[in-house]
Amino acid sequence: MNRPQPNEYLIWGETYISKVDREIFEILNDQVESLPALYRRNADKADYAYAEGKWTLKEMLGHIIDTERVFAYRITCFARNEKQPLPGFEEDDYVLNARFAERDLEDLIEEFIALRKANLYLFKSLNEDELDRKGIASGREINVKSILFIAGGHIIHHVSILKERYHVV
(Lines give C-alpha, C1' and ligand atoms only; values in the text may rest on other atoms or scores of the structure.)
Protein backbone atom coordinates (compact mmCIF):
# COMPACT_ATOMS: atom_id res chain seq x y z
CA MET A 1 0.00 0.00 0.00
CA ASN A 2 1.34 3.42 -0.91
CA ARG A 3 2.09 5.94 1.81
CA PRO A 4 -0.59 8.62 2.29
CA GLN A 5 0.14 11.95 0.66
CA PRO A 6 0.56 15.06 2.86
CA ASN A 7 -2.75 16.50 1.59
CA GLU A 8 -4.57 13.43 2.99
CA TYR A 9 -3.82 14.03 6.66
CA LEU A 10 -3.12 16.72 9.21
CA ILE A 11 0.42 17.93 9.83
CA TRP A 12 0.55 16.21 13.25
CA GLY A 13 0.09 12.89 11.45
CA GLU A 14 3.54 13.24 9.90
CA THR A 15 5.08 12.49 13.32
CA TYR A 16 3.67 8.97 13.05
CA ILE A 17 3.44 8.37 9.30
CA SER A 18 7.13 9.25 8.86
CA LYS A 19 8.03 6.34 11.16
CA VAL A 20 6.40 3.78 8.84
CA ASP A 21 9.47 2.46 7.05
CA ARG A 22 8.07 -0.70 5.44
CA GLU A 23 4.76 -2.20 4.34
CA ILE A 24 2.10 -1.06 6.81
CA PHE A 25 0.51 -4.49 7.28
CA GLU A 26 3.92 -6.00 8.12
CA ILE A 27 4.27 -3.39 10.85
CA LEU A 28 0.73 -3.80 12.18
CA ASN A 29 1.11 -7.60 12.25
CA ASP A 30 4.58 -7.48 13.85
CA GLN A 31 3.35 -5.17 16.59
CA VAL A 32 0.95 -7.90 17.80
CA GLU A 33 4.04 -9.78 19.01
CA SER A 34 6.78 -7.15 19.38
CA LEU A 35 4.96 -4.76 21.71
CA PRO A 36 3.79 -7.50 24.11
CA ALA A 37 7.30 -9.02 24.09
CA LEU A 38 8.81 -5.64 24.99
CA TYR A 39 6.39 -5.21 27.87
CA ARG A 40 6.91 -8.74 29.14
CA ARG A 41 10.70 -8.31 29.13
CA ASN A 42 10.26 -5.18 31.23
CA ALA A 43 7.44 -6.32 33.54
CA ASP A 44 9.53 -5.33 36.57
CA LYS A 45 9.22 -1.67 35.42
CA ALA A 46 5.44 -1.76 34.93
CA ASP A 47 4.82 0.99 37.49
CA TYR A 48 7.88 3.07 36.59
CA ALA A 49 7.63 6.61 35.23
CA TYR A 50 10.84 8.36 34.17
CA ALA A 51 9.78 11.70 35.69
CA GLU A 52 7.14 13.25 37.91
CA GLY A 53 3.85 13.58 36.05
CA LYS A 54 4.85 11.19 33.26
CA TRP A 55 2.99 7.99 32.51
CA THR A 56 4.09 4.66 33.89
CA LEU A 57 4.73 1.78 31.50
CA LYS A 58 1.26 0.42 32.29
CA GLU A 59 -0.29 3.82 31.64
CA MET A 60 1.60 4.07 28.34
CA LEU A 61 0.23 0.67 27.31
CA GLY A 62 -3.26 1.75 28.38
CA HIS A 63 -2.87 4.87 26.25
CA ILE A 64 -1.83 2.72 23.29
CA ILE A 65 -4.92 0.54 23.80
CA ASP A 66 -7.26 3.54 24.05
CA THR A 67 -5.72 5.12 20.97
CA GLU A 68 -6.03 1.87 19.02
CA ARG A 69 -9.74 1.86 19.84
CA VAL A 70 -10.19 5.46 18.76
CA PHE A 71 -8.32 4.88 15.48
CA ALA A 72 -10.33 1.72 14.75
CA TYR A 73 -13.57 3.58 15.41
CA ARG A 74 -12.55 6.40 13.09
CA ILE A 75 -11.49 3.93 10.40
CA THR A 76 -14.81 2.10 10.71
CA CYS A 77 -16.85 5.29 10.54
CA PHE A 78 -15.05 6.81 7.59
CA ALA A 79 -14.76 3.55 5.63
CA ARG A 80 -18.55 3.23 5.99
CA ASN A 81 -18.98 6.79 4.69
CA GLU A 82 -20.02 8.42 7.96
CA LYS A 83 -20.72 12.09 7.34
CA GLN A 84 -20.98 13.22 10.97
CA PRO A 85 -17.82 14.78 12.45
CA LEU A 86 -16.16 12.70 15.15
CA PRO A 87 -14.86 14.23 18.37
CA GLY A 88 -11.24 14.45 19.34
CA PHE A 89 -9.90 12.87 22.49
CA GLU A 90 -7.63 14.23 25.16
CA GLU A 91 -5.10 11.48 25.82
CA ASP A 92 -4.01 12.77 29.23
CA ASP A 93 -7.60 12.87 30.46
CA TYR A 94 -8.20 9.35 29.16
CA VAL A 95 -5.18 8.03 31.06
CA LEU A 96 -6.10 10.00 34.18
CA ASN A 97 -9.58 8.49 34.22
CA ALA A 98 -8.75 4.94 33.20
CA ARG A 99 -7.10 3.53 36.34
CA PHE A 100 -4.44 1.68 34.31
CA ALA A 101 -2.13 1.71 37.36
CA GLU A 102 -4.60 -0.59 39.13
CA ARG A 103 -4.63 -3.09 36.27
CA ASP A 104 -2.53 -6.20 35.92
CA LEU A 105 0.17 -5.76 33.27
CA GLU A 106 -0.47 -9.14 31.69
CA ASP A 107 -4.17 -8.30 31.34
CA LEU A 108 -3.26 -5.09 29.54
CA ILE A 109 -0.89 -6.99 27.26
CA GLU A 110 -3.55 -9.57 26.41
CA GLU A 111 -6.09 -6.80 25.82
CA PHE A 112 -3.76 -5.13 23.31
CA ILE A 113 -3.17 -8.44 21.50
CA ALA A 114 -6.90 -9.20 21.26
CA LEU A 115 -7.74 -5.67 20.15
CA ARG A 116 -5.06 -5.47 17.46
CA LYS A 117 -5.88 -8.94 16.13
CA ALA A 118 -9.55 -8.02 15.88
CA ASN A 119 -8.73 -4.69 14.23
CA LEU A 120 -6.52 -6.39 11.66
CA TYR A 121 -9.58 -8.19 10.26
CA LEU A 122 -11.18 -4.81 9.65
CA PHE A 123 -8.01 -3.16 8.36
CA LYS A 124 -7.26 -5.96 5.88
CA SER A 125 -10.84 -5.99 4.58
CA LEU A 126 -10.68 -2.42 3.29
CA ASN A 127 -10.46 -1.85 -0.46
CA GLU A 128 -8.89 1.14 -2.22
CA ASP A 129 -12.15 3.11 -2.30
CA GLU A 130 -12.67 2.62 1.44
CA LEU A 131 -9.05 3.52 2.20
CA ASP A 132 -9.47 6.78 0.27
CA ARG A 133 -12.68 7.80 2.04
CA LYS A 134 -12.45 10.85 4.26
CA GLY A 135 -14.14 12.13 7.35
CA ILE A 136 -13.83 14.81 9.99
CA ALA A 137 -12.11 13.94 13.26
CA SER A 138 -10.96 16.48 15.82
CA GLY A 139 -12.34 19.21 13.57
CA ARG A 140 -10.17 18.30 10.57
CA GLU A 141 -10.44 16.11 7.49
CA ILE A 142 -8.43 12.88 7.24
CA ASN A 143 -8.69 9.74 5.15
CA VAL A 144 -8.85 6.10 6.26
CA LYS A 145 -5.44 5.14 4.86
CA SER A 146 -3.77 7.93 6.82
CA ILE A 147 -5.34 6.74 10.07
CA LEU A 148 -4.10 3.23 9.35
CA PHE A 149 -0.53 4.50 8.90
CA ILE A 150 -0.84 6.72 11.98
CA ALA A 151 -1.95 3.68 14.02
CA GLY A 152 1.22 1.79 13.11
CA GLY A 153 3.49 4.80 13.51
CA HIS A 154 1.92 5.71 16.85
CA ILE A 155 3.20 2.50 18.41
CA ILE A 156 6.64 2.90 16.79
CA HIS A 157 6.74 6.40 18.32
CA HIS A 158 5.90 5.14 21.80
CA VAL A 159 8.33 2.22 21.60
CA SER A 160 11.06 4.78 20.83
CA ILE A 161 10.06 6.77 23.91
CA LEU A 162 10.04 3.60 26.02
CA LYS A 163 13.58 2.78 24.88
CA GLU A 164 14.98 6.31 25.15
CA ARG A 165 13.35 7.58 28.35
CA TYR A 166 12.28 4.45 30.23
CA HIS A 167 15.38 2.45 29.23
CA VAL A 168 13.45 -0.68 28.36
CA VAL A 169 15.25 -3.42 26.48
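Asp 93 lies in helix 4, which covers residues 91-96, helices being DSSP runs of H or I with at least four residues and strands runs of E with at least two, numbered from the N terminus. The model is a predicted one, in which local features need pLDDT of at least 70 and side-chain atom pairs count only at pLDDT 80 or more, whereas totals for chains, interfaces and linings use all residues. Residues are numbered from 1 along each chain as its sequence is written, and side-chain values use heavy atoms, with hydrogens and water left out.

With a relative accessible area of 41%, Asp 93 is partly exposed, a class that falls between buried (under 20% relative accessible area) and exposed (over 50%), with a 1.4 Å probe and protein chains only. Together with Glu 90, Glu 91 and Asp 92, Asp 93 forms a negative surface patch; such patches are made of residues with over 30% relative accessible area and no salt bridge, like charges being joined within 9 Å.

Seven helices and two strands make up the secondary structure of the chain, and from the N terminus on the elements follow the order α-α-α-α-α-α-β-β-α. The C-alpha trace spans about 45 × 30 × 25 Å along its principal axes. The radius of gyration of the chain, 16 Å, agrees with the value near 15 Å that a compact globule of 169 residues would have, where the radius is taken over C-alpha atoms and the globule rule is 2.2 Å times the number of residues to the power 0.38. Of the 169 residues, 49% are buried.

Ile 156, placed in helix 7 (residues 144-165), counts as partly exposed at 24% relative accessibility. Between Ile 156 and Val 70 there are 86 residues of sequence separation and a C-alpha to C-alpha distance of 17 Å.

Across the whole structure, 10 salt bridges are found, each defined as a side-chain nitrogen of Lys or Arg within 4 Å of a carboxyl oxygen of Asp or Glu. Glu 102 pairs with Arg 99 in one of these, the closest N and O atoms being 3.2 Å apart; Glu 102 is exposed at 61% relative accessibility, and Arg 99 is exposed at 54%. A salt bridge also joins the side chains of Glu 111 and Arg 103 at 2.6 Å, N to O, with Arg 103 partly exposed at 28%. In the salt bridge between Lys 134 and Glu 141, the closest N and O atoms are 3.9 Å apart, and Lys 134 is partly exposed at 40%, as is Glu 141 at 46%.

Terms used. Patches are made of residues with over 30% relative accessible area and no salt bridge: like charges are joined within 9 Å, nonpolar side chains (Val, Leu, Ile, Met, Phe, Trp, Tyr) within 5 Å. Accessible areas come from the Shrake-Rupley method with a 1.4 Å probe; for residues, only the protein chains shown count as cover. Lys and Arg count as positive and Asp and Glu as negative; His and the chain ends are not counted. The place of a charge is taken as NZ of Lys, CZ of Arg, CG of Asp or CD of Glu.
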